[in-house]
Amino acid sequence: MKSLLTLTLCVLGCTLGGCSSLWQDHYTGAPIGRFEAVENTRVREVPWQRIDDALYEIDINRASSDIHFDDWSDEQKLEEQATLLRGLQISEDPRDVIVLGRSSFHTTDRVSVRDDSLHDFASSLGADYAIWSSEFVGKTDKVIDKPVYEHGYQWNSYRSSSGKYQHRYEPWHRTVYVPVVVQADEFAWLVYYIRLKDDPHDFE
């Protein structure tokens, strides 16, 4: 288990060194450092359909409202957050929860939630939960570099110790990489970062 000191050093190192991850590259929400990093972030999966249904309900409610979301009452916004939390299978009272933000992207690259990158990024945000889901969305074109091996023979000239030039017919080979368009599986990824209220200043 990583200590908070180790986690802080890792985050600082990435900040100074410029390293990032897909989760960070596609993140929108509270900035890193707004909340204190946590040690025991829980990373867990929920079915895509649950989140999709919750977001659809939220979109419908906003679209059908005659009042812009910015002018909604606190109670209305809390009800919307409750809808989202149900989709994320978060059972805590919505009043005790902060939705820090989310990461959303499509990719044909291999992505793993078990390599600690998601856990570490969520921890740096101060999230108690990183709730993720992924769904296959279809085939898409992807450009890859395909190795092509070339070989042949050529005349090479050498100068001998006596000062005379000699010629040899010698083999050569090389590898070049050519961009090729292939069909690849594309997946949608969505992660919500959830912080539980543990300090009154969290809501300031």
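Q: What's the mean pLDDT of the chain?
A: This is a predicted model, and its mean pLDDT is 86, with 88% of the residues at 70 or more.

Q: OK, the fold. How many helices and strands are there?
A: Five helices and five strands. Going from the N terminus, the order is α-α-β-β-α-α-β-α-β-β.

Q: And how much of the chain is buried?
A: Buried residues account for 31% of the 204 residues.

Q: What about contacts, how many join residues at least 24 apart?
A: If you take contacts between residues at least 6 apart in sequence, 81% of them join residues at least 24 apart.

Q: Let's go inside. Which residues have the most contacts in the largest nonpolar core?
A: Trp 23, Tyr 27, Leu 100, Leu 118, Trp 189, Val 191 and Tyr 193, in a core of 19 residues.

Q: Which elements supply at least two residues of it?
A: Strand 3 (97-107), helix 5 (117-125), strand 4 (129-159) and strand 5 (165-196) each do. Helix 5 gives the most, with four residues.

Q: What happens just after helix 5?
A: Gly 126 sits there with a positive phi of about 90 degrees.

Q: Which residues other than glycine have a positive phi?
A: Gln 89 is one, at about 60 degrees, and Asp 116 is another, with phi near 75 degrees. For background, most residues other than glycine have a negative phi.

Q: Where's Gln 89, and how exposed?
A: Gln 89 is in the loop between helix 4 and strand 3. Its relative accessible area is 39%, so Gln 89 is partly exposed.

Q: And Asp 116?
A: Asp 116 is in the loop between strand 3 and helix 5. Asp 116 counts as partly exposed because its relative accessibility is 41%.

Q: Switching to pockets. What volume does the largest one have?
A: About 300 Å³.

Q: Which residues lie nearest its centre?
A: Arg 62, Phe 69, Glu 80, Leu 84 and Val 99, out of 14 lining residues.

Q: How does the lining divide into nonpolar, polar and charged?
A: Six nonpolar, three polar and five charged.

Q: Which elements give two or more residues to that lining?
A: Helix 3 (48-64), helix 4 (74-87) and strand 3.

Q: Last one: Val 181. Where is it, and is it buried or exposed?
A: Val 181 is in strand 5. With 54% relative accessibility, Val 181 counts as exposed.

Q: What does Val 181 touch?
A: Leaving out residues up to four places away in sequence, Val 181 touches Asp 141, Lys 142 and Val 143. The C-alpha atoms of Val 181 and Val 143 are separated by 4.5 Å, with the two residues 38 apart along the chain.

Definitions and conventions
Residues numbered from 1 in each chain as written. Predicted model: local features only at pLDDT ≥ 70, side-chain atom pairs only at ≥ 80, totals over all residues. Heavy atoms only, no water. Core = buried A, V, L, I, M, F, W, Y, C linked by side-chain atoms within 4.5 Å. Buried < 20%, exposed > 50% of the residue type's maximum accessible area, 1.4 Å probe, protein only. 1 Å grid on protein atoms, 1.4 Å probe; cavity = no way out; pocket = protein on both sides within 12 Å on 5 of 7 lines; lining within 4 Å. Points joined across faces, edges and corners; volume = space filled by probe spheres on them. Nonpolar A, V, L, I, M, F, W, Y, C, P; charged D, E, K, R; others polar. pLDDT = per-residue confidence, 0-100. Contact = heavy atoms within 4.5 Å.
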